[in-house]
Amino acid sequence: MTKILLLSDTHSYIDDDILKYVKQVDEVWHAGDIGDLNVTDAIKKLKPLRAVFGNIDDSKVRVEFPENNRFMCEDVDVWMTHIGGYPNAYNMRVRDEIKRNPPKLFICGHSHILKVMPDKKLNLLHMNPGAVGKHGFHKTRTMLRFTIDGSKIDNLEVIEFNKR
């Protein structure tokens, strides 16, 4: 079983409250708009990190992290990208590939809106952890924590922080 912390849209913000949750999992996944490599460096000091760059990320972040990260976690095919859309409204950049070769878990960020929903047509689970940084229109900072056990995605928790 792998315990995962999923976050996005840090926009250069990292604090001890976030890092407290980093310490409690096996891996951290960041769905883009990192902002500053100090964020990912702080996470990598504590746990393995998988990440993608987002639309606000500069060339330094884009050199270190890809636009799309497709990987296996145990028996789950995961595709993480920053701008991906939602079931029935996927971004045109990913739409054809997701229909042709859907993952079991599709993760994106960008919207600052926490959303977890199944795509019954493509038989996948979509996750967007919302935004945990302090920049943006969101009122509540959020992250997701869950487990992957073989092919099972389970124990999903929403982590909320006080208003920005």
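**Contacts, cores and rings in a predicted model**

Tutor: In this predicted model, V28 touches L5, L7, V22, I43, K47, P48, L49 and R50, leaving aside residues up to four places away in sequence.

Student: What makes V28 stand out in the largest nonpolar core?

Tutor: That core has 22 residues, and L5, V28 and M143 touch the most other members. The elements giving two or more residues to the core are β1, α1, α2 (37-44), β3 (49-51) and β12 (152-163). Apart from it lies another core, of 16 residues, with A31, V76, F146 and I148 among them.

Student: Why is W29 called buried?

Tutor: Buried means under 20% relative accessible area. W29 has 0%, so W29 is buried.

Student: What kind of pair do W29 and F146 form?

Tutor: Their centres are 5.8 Å apart and their planes 75° apart, which makes this pair edge-to-face. W29 lies in β2 and F146 in β11, so the pair ties together parts 117 residues apart in sequence. F146 has a relative accessible area of 1% and is therefore buried. Ring pairs link W29, F71 and F146 into a cluster.

Student: How do you know that strand β11 is largely enclosed by the rest of the structure?

Tutor: In β11 (residues 140-149), 8 of the 10 residues are buried, so the strand is described that way.

Student: How do you know that β1 and β11 pair?

Tutor: Pairing takes at least two bridges between the strands. β1 and β11 have 5 bridges, in the antiparallel sense, so they pair. K3, for one, has T147 in β11 as its bridge partner.

Student: Is D15 called buried or exposed, and why?

Tutor: D15 has 15% relative accessibility, and the limit for buried is under 20%, so D15 counts as buried. D15 lies in the loop between β1 (2-7) and α1 (16-22). A polar atom of its side chain lies 3.1 Å from the backbone nitrogen of D17.

Student: Why is A89 called partly exposed?

Tutor: A89 has 47% relative accessibility; buried is under 20% and exposed over 50%, so A89 falls in between. A89 is in strand β7 (residues 89-90).

Note on methods: Residues are numbered from 1 along each chain as its sequence is written. This is a predicted model: local features need pLDDT of at least 70, side-chain atom pairs count only at pLDDT 80 or more; totals for chains, interfaces and linings use all residues. Side-chain values use heavy atoms; hydrogens and water are left out. Helices (H or I, at least four residues) and strands (E, at least two) are DSSP runs, numbered from the N terminus. Buried means under 20% relative accessible area, exposed over 50%, partly exposed in between (1.4 Å probe, protein chains only). A polar contact is a pair of N or O atoms within 3.5 Å; within protein, one must be able to donate a hydrogen and the other to accept it, and residues adjacent in sequence count only if both atoms are side-chain atoms. A nonpolar core is a set of buried Ala, Val, Leu, Ile, Met, Phe, Trp, Tyr and Cys residues joined through side-chain atoms within 4.5 Å. Contact means heavy atoms within 4.5 Å. Rings of Phe, Tyr and Trp (its six-membered ring) pair if their centres lie within 6.5 Å; planes under 30 degrees apart count as stacked, over 60 as edge-to-face and the rest as tilted.
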